[in-house]
Amino acid sequence: LAACGVGIALGAPWNAPSFPHPAAVASDDGSGVGDAPWMHYNQSVAWFDGAVLDHFNSTNNATWKQRYFVIDDFVRGTDFPVILHICGEYTCPGIMSARLFPLQLASIHGALVVSVEHRFFGDSQPLSPLTVENLAFQNSQQALADLSHFTAWFQRTVVEGAMGGDGTNKWVTVGGSYPGALAGWYREKYPFATVGALSASGVVNAILNFTAFDEQVARSAGAVCADALRAITKGIEAAMPGVKAKFQASALSDGDFYYLAADAAAESVQYGHHKALCDAVVPAVRDGGVGDGVDAYAAFVDSFFYKTMGNAPSDYDTSIMADPVKGGNGRSWWWFKCTSVGFWQVAPATGSIRSSNVDYAYHQAVCKEMFGLTQAPNVAGVNEYYGGAQWAGTNTYFSNGVEDPWQWAGIRSARGPTAPANVVDCDGCAHCVDLYTPAPTDAETLVKDREAIVAAVAQWLGD
């Protein structure tokens, strides 16, 4: 739920690219954005060596080192609040220059900011390699318990001990996508640890056959572009397997390649770049037919999806992710997809942009090859534990972008008077849009959404 190449694709909700949102502008354009205090900060990295391997087994005393990042430039007073920025299914970079809204919150409220890396991602590895036996300790319940254990230690040792906090310091959690779900779940399951949470595009509702994802990609792309993408998909299918070479993906299995071909378009739409995608493929299909469309799409994938967004064909190679040593973040995220949250982006029965080969059987085969699993992920169990779409916490602001395909796994309507929800409606308002660095060109709807978040945080903090 990070810099280019830091995230993972493969159906992950948060690939965390470092490139700016389409609405962003340079900080030296005369707008004054570069002079905002939250644009200038120092970020340090540290390690918590008391992280607990298994929070639910009192006989297991194993510990590990968890990485975290601290920004203290905006701290005021001794009762300063703490913003707990949750990282997710990627190598955590802390706060990125492309996503500075959490620092704007910190500047407004005089807060300390701490970003915590998720277990079994990036450099925070409780056990190695990523065998099935070791990944048994990888789940959202353990991750939430990590946060509770960390915050108690950090409050005592750093906030009060090293920084002279007076002990009344209030914590607010912030996360986007899967970390957005963690922010909401943390507020629900550990309400004593925080006073509120921002769940940006939080995917709190686990879904097995997530056909709504592809359907939203089509709506967000627009009818003409969606038809062009459907034609390109048919062209790719007809030209298999040789067409894989055009995408530098000859080493991929057919199934993995079909997933790559689908994800390159879907992820571009997911991050608000549908215009770049559609400008590349629509004229090609219209003027030159399907063959030219496939060539134009291959060029777009190379120049944008690979080189700008930081993805690579090898990111989709199941045989690599099946290796406990080489599998990395992709293997760790697929463990979630195969055992708990699902989010299998299967092709809809009608009107699909992605190939019909990206189906339930494909995902099932991937889970078997990677982990030897033959049963479906326990989606029902996840939703029973957290509530799914019936999440029942308090003091949480849920936000989604109108173009984001992940919104259908989130909260789109208020869950009570203290849990408002907003779907930001603007061109380019997609995944985690409110976390991006604010820009003078932001749509009024996005500006108002952020203003509502600032007001909610102020209310939680009693400011």
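Modeller: Ser-201 is found in the loop between β6 (196-200) and β7 (207-209). The elements here are DSSP runs, numbered from the N terminus: helices are H or I with at least four residues, strands are E with at least two. This is a predicted model, in which local features need pLDDT of at least 70 and side-chain atom pairs count only at pLDDT 80 or more, while totals for chains, interfaces and linings use all residues. Residues are numbered from 1 along each chain as its sequence is written, and side-chain values use heavy atoms, leaving out hydrogens and water.

Look at the backbone of Ser-201. Its phi is near 50 degrees, a positive value in a residue other than glycine. Most residues other than glycine have a negative phi, and most peptide bonds are trans. Ser-201 counts as buried because its relative accessibility is 2%. Buried means under 20% relative accessible area, exposed means over 50%, and partly exposed lies in between, with a 1.4 Å probe and protein chains only.

Gln-248 also takes a positive phi, near 60 degrees, and is not a glycine. Gln-248 lies in the loop between α6 and α7. With a relative accessible area of 48%, Gln-248 is partly exposed.

The loop between α6 (223-238) and α7 (254-270) also holds Pro-241. The peptide bond from Met-240 to Pro-241 is cis, with omega near 0 degrees. Another cis peptide bond joins Ser-128 and Pro-129, with omega about 0 degrees. Pro-129 sits in the loop between β4 (112-116) and α2 (132-135).

Next, the disulfides. A disulfide is a covalent bond between the sulfur atoms of two cysteines. Here the rule is a pair of cysteine sulfur atoms within 2.5 Å. The count comes to four. With the bonded cysteines numbered in sequence order, the pairing is 1-2, 3-4, 5-6, 7-8.

Helix α6 takes part through Cys-225. A disulfide joins Cys-225 to Cys-278, with 2.1 Å from S to S. Cys-225 lies in helix α6 and Cys-278 in helix α8 (residues 274-306), so the pair ties together parts that are 53 residues apart in sequence. The angle about the S-S bond of Cys-225 and Cys-278 is -90 degrees, and the link is left-handed. Both Cys-225 and Cys-278 are buried.

The link of Cys-426 and Cys-429 is right-handed, with 80 degrees about the S-S bond. Their sulfurs lie 1.8 Å apart. Cys-426 is buried at 12% relative accessibility. Cys-429 is buried too, at 0%.

Cys-87 and Cys-92 form a further disulfide, with sulfur atoms 2.2 Å apart. Cys-87 and Cys-92 are both buried. What about Cys-432? Cys-432 is buried, with a relative accessible area of 0%.

Now to the interior. In soluble globular proteins, nonpolar side chains tend to be buried together. A nonpolar core is a set of buried Ala, Val, Leu, Ile, Met, Phe, Trp, Tyr and Cys residues joined through side-chain atoms within 4.5 Å. The largest core has 109 residues, and those with the most contacts inside it are Val-114, Phe-154, Ile-236, Phe-247 and Tyr-297. Helix α8 gives the largest share of this core, 13 residues. Contact means heavy atoms within 4.5 Å. Leaving aside neighbours within four places in sequence, Val-114 touches residues including Tyr-68, Phe-69, Val-82, Phe-150, Phe-154 and Trp-171. A second, separate core of 27 residues includes Trp-38, Phe-74, Ile-95 and Val-457.

Last, helix α11. It runs over residues 360-371 and has twelve residues. From first C-alpha to last it reaches 16 Å, close to the 16 Å expected at 1.5 Å a residue. That expected span is 1.5 Å times one less than the number of residues. Tyr-362, His-363, Val-366, Cys-367, Met-370 and Phe-371 of α11 are buried. They cover an arc of only 135 degrees around the axis, so they sit on the same side of α11. The arc is that of the directions from the helix axis to the C-beta atoms. Their cover includes α2, α7, α9 (318-321), α10 (328-339) and β8 (342-344).

Both ends deserve a look. At the start of α11, a side-chain oxygen of Asp-359 comes within 3.3 Å of the backbone nitrogen of Ala-361. Just after α11, Gly-372 has a positive phi of about 75 degrees.

How values were computed. A polar contact is a pair of N or O atoms within 3.5 Å; within protein, one must be able to donate a hydrogen and the other to accept it, and residues adjacent in sequence count only if both atoms are side-chain atoms.
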